[in-house]
Amino acid sequence: MDLRDTPEEAAFRAELRAWIESNLTDEIRRGRFEEAGREWSGKLYEAGYAGLTWPKQYGGAGAPYSHQAIFLEEMARAEAPPHLGVIGLGMAGPTIIAHGTEAQKGRYLEKILSTEEIWCQGFSEPGAGSDLSAVRTSARLALEGDRFVVDGQKVWSSFAHIADWCILVTRSDPDSDRHAGLTYLLVDMHAPGVEVRPLRQITGEAEFNEIFFTDVEVPVENVVGEIGGGWQVAMTTLLHERGTLGFALTAGLESQIRKLLALAKERGATEVQRDAIAREWIGLQAVRYTNYRSLTTLMKTGIPGPEGSGAKLWWSEANQRVTKLALELLGPEAQLLNGNEQWAGYWQHQQLRSRGNTIEAGTSEILRNIIAERVLGLPRSR
Amino acid sequence: MDFAFTQEQEELRREARAFLEANPDAPLSELRELGWLGVSVPEERGGGGLSFVDEAILYEEAGRALYAGPFLTTAVVLPALPEVDEQAWSAEMDGLVPHLDAVDQVLREDMTVVPAEGETLATVDETRPLGRLELVADNDYPSLDGEWEPVRLRLLGALALEAVGVAQRALELGVEYVSQREQFGKKIGTYQAVSHPLADTYVETELARSLAYWAAWCVAEEDPQAPVAVAAAKAQAAETAVVACERSIQVHGGIGFTWEHVLHRYYKRAQWIDAFGGHAAVHRKVVAAALLD
């Protein structure tokens, strides 16, 4: 056990920190989401920081997972904007690497790394949220057998309004039920019949979208895995979504708590509030070191340790408490959108946004089921 | 970054678990024969020449087995002595001495060493009695060289580790019970109102474990973060152990409320750990001061 960076990790961290220092300009930091995001993502790619843990043969750096953890920590520390290609890098890419054909790997992977093509995720539907196996978006194989025709509706897709491609879970066998008869498709978002509508959320902004598919033609070579074997492929995607998430979330919480401490110092805090702040800081250290334990197991065995399964569950609830605590520190001014010049609506927005944290990427209820059944081995609830 | 125990350390854990499960009331002398006292003391002073991280495994396993003897108090004092001795030790905090009736010597915060004489008081946790020292006025008690702070850090850090063991066992008992108990024709573990609190206990226990190991590593390395890490670990682990026992009692239903079931012993130990050396809020105050002042 040694909780310090190894000399090799320390060198990577120092080099990365120096790179961020000279490349993360104020224009990028304060720029508009898409433009600044594209510029930043391009720089990351050129410097070799995109796809750090991807195998070298697919254009990645083939670096150990510890580098990815350090990367996420340093990005959060520098308050760098998110990489625009997160869905491609974290979900679509690893799924194509695991289940895709050589042709698919050649066609898509490099453009994911370079952010030349942006990806979105078409999993949830109005009638299929936590229960993904209830998807109804249909993919009918055309008579010629060379293409699917897709009809249906997806919801809660981030990046869909700027995306070029979509990883789409469809029902290809209309007589099938639940996990059988699903097919995983790569769909061109510019194809005729694809319509994206922004979904205005609790914060007033539209971070997510609805996607409508009307007679959208998708060539059969865009099937990932087997026709009818989409469930297993989708599980690979979700494993990657939840697997690589812990460090990103913890790094985000760390930066949130750093801001909370600044706010508390600036506004003053009661004894009760100081206790609550200490509690959240302790929780942050706990989840951070739990991620390190899970990471150590991942690096030694190739499978993350089970202890990491609680990271998203804990983070989501902690972020809700932390943002509410910030509003409490602001006092009655918390109801003024621009009552406080320095924070200018930041905490109000963060607090409302945090309500989504316990719903997106697996609701807390589903995550507790997973821990109960797969980690603790309790009998299945359904 | 390497946050795992070595194979040798895992082997020590297996040995400790097997022995303590079978012998939760073993006399301290048997643990000494196994080489578990003075593990973190350098060999030239009669110790095992390992670190507090190795010793951490023993504290955790002693908690999991609810070991009854003065192992923890002796082990945290031994590194403060010029040489490991054969006596049983305890330390005084807030005027209270754990296992006063079962030890030979007591180390006080001013580093004086006092014979273990005084009144043993009735305690909620019968396996961990507390006493008050009877001090002779104007007696020139000998004192140890060195400072109290490392002793305090080892003591609180060890309690955090013990709390993790307690929480772990309370969770295991809950999982075992709800996996076999049936009501309304189903295993009660299938009901989410029953399984979700146990899932929360799992998450919280793993978080507390990470803090306790982090604190143990800081103590072993004499890291400047040690006081804050120990405060964080003691606060979180003790509260986690208390809540873990409460949830386990709840999912056990009536049987969990009986004297014959072992759970109340774990619950009482958890509350003992939470109280000794200050409840969680006392330690969070230390953390808050480090962060905000």
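**Entry 1: helix α8 of chain B**

I looked up what the buried residues of α8(B) pack against, and found α5, α7 (226-252) and α9 (280-292) of chain B; contact here means that C-beta atoms, placed from the backbone, lie within 7 Å. This is a predicted model, in which local features need pLDDT of at least 70 and side-chain atom pairs count only at pLDDT 80 or more, while totals for chains, interfaces and linings use all residues. Residues are numbered from 1 along each chain as its sequence is written, and chains are lettered from A and ligands numbered from 1 in the order in which they are written.

I listed the buried residues of α8(B) as Leu263(B), Tyr266(B), Tyr267(B), Arg269(B), Ala270(B), Trp272(B), Ile273(B) and Asp274(B). A residue is buried if 20 or more other C-beta atoms lie within 10 Å of its own, exposed if 12 or fewer, and partly exposed in between. The helices are DSSP runs (H or I, at least four residues), numbered from the N terminus.

I then checked the length of α8(B), residues 263-275: its 13 residues at 1.5 Å a residue should span 18 Å, and the end C-alpha atoms are 19 Å apart, which agrees. The expected span is 1.5 Å times one less than the number of residues. Just after α8(B), I noted that Gly277(B) has a positive phi of about 75°.

**Entry 2: α3 against α5 in chain B**

I followed helix α3 (residues 52-65) of chain B to helix α5 (residues 148-180) of chain B, where the axes come within 7 Å and cross at roughly 45°. That makes α3(B) oblique to α5(B); angles under 35 degrees count as roughly parallel, over 145 as roughly antiparallel, 65 to 115 as roughly perpendicular and the rest as oblique. The axes are lines fitted to C-alpha atoms, for helices over the stretch in contact, and the angles run from 0 to 180 degrees between N-to-C directions.

I recorded the crossing of α3(B) with α5(B) as right-handed, the near helix being turned clockwise from the far one by less than a right angle. By class, this contact of α3(B) with α5(B) has nine nonpolar, three polar and six charged residues. Ala, Val, Leu, Ile, Met, Phe, Trp, Tyr, Cys and Pro count as nonpolar, Asp, Glu, Lys and Arg as charged, and the others, Gly among them, as polar.

**Entry 3: α3 against α6 in chain B**

I turned to α3(B) and helix α6 (residues 192-220) of chain B, whose axes come within 8 Å and cross at roughly 140°. That makes α3(B) oblique to α6(B), and the crossing is right-handed.

I found Phe52(B), Val53(B) and Ala56(B) of α3(B) meeting Tyr213(B), Ala216(B), Trp217(B), Val219(B) and Ala220(B) of α6(B). The contact of α3(B) with α6(B) divides into eight nonpolar, no polar and no charged residues.

I also noted that 26 of the 29 residues of α6(B) are buried, so α6(B) is largely enclosed by the rest of the structure. At 1.5 Å a residue α6(B) should span 42 Å, and its end C-alpha atoms are 41 Å apart, which agrees. Glu222(B), which follows α6(B), has a positive phi, near 50°.

**Entry 4: Thr6 of chain B**

I placed Thr6(B) in the segment before α1 (7-22) of chain B. Is Thr6(B) buried or exposed? I found Thr6(B) exposed, with 12 other C-beta atoms within 10 Å. Thr6(B) and Val53(B) are 47 residues apart in sequence and 10 Å apart in space, C-alpha to C-alpha.

How values were computed
Helices (H or I, at least four residues) and strands (E, at least two) are DSSP runs, numbered from the N terminus. Two residues are in contact if their C-beta atoms, placed from the backbone, lie within 7 Å.
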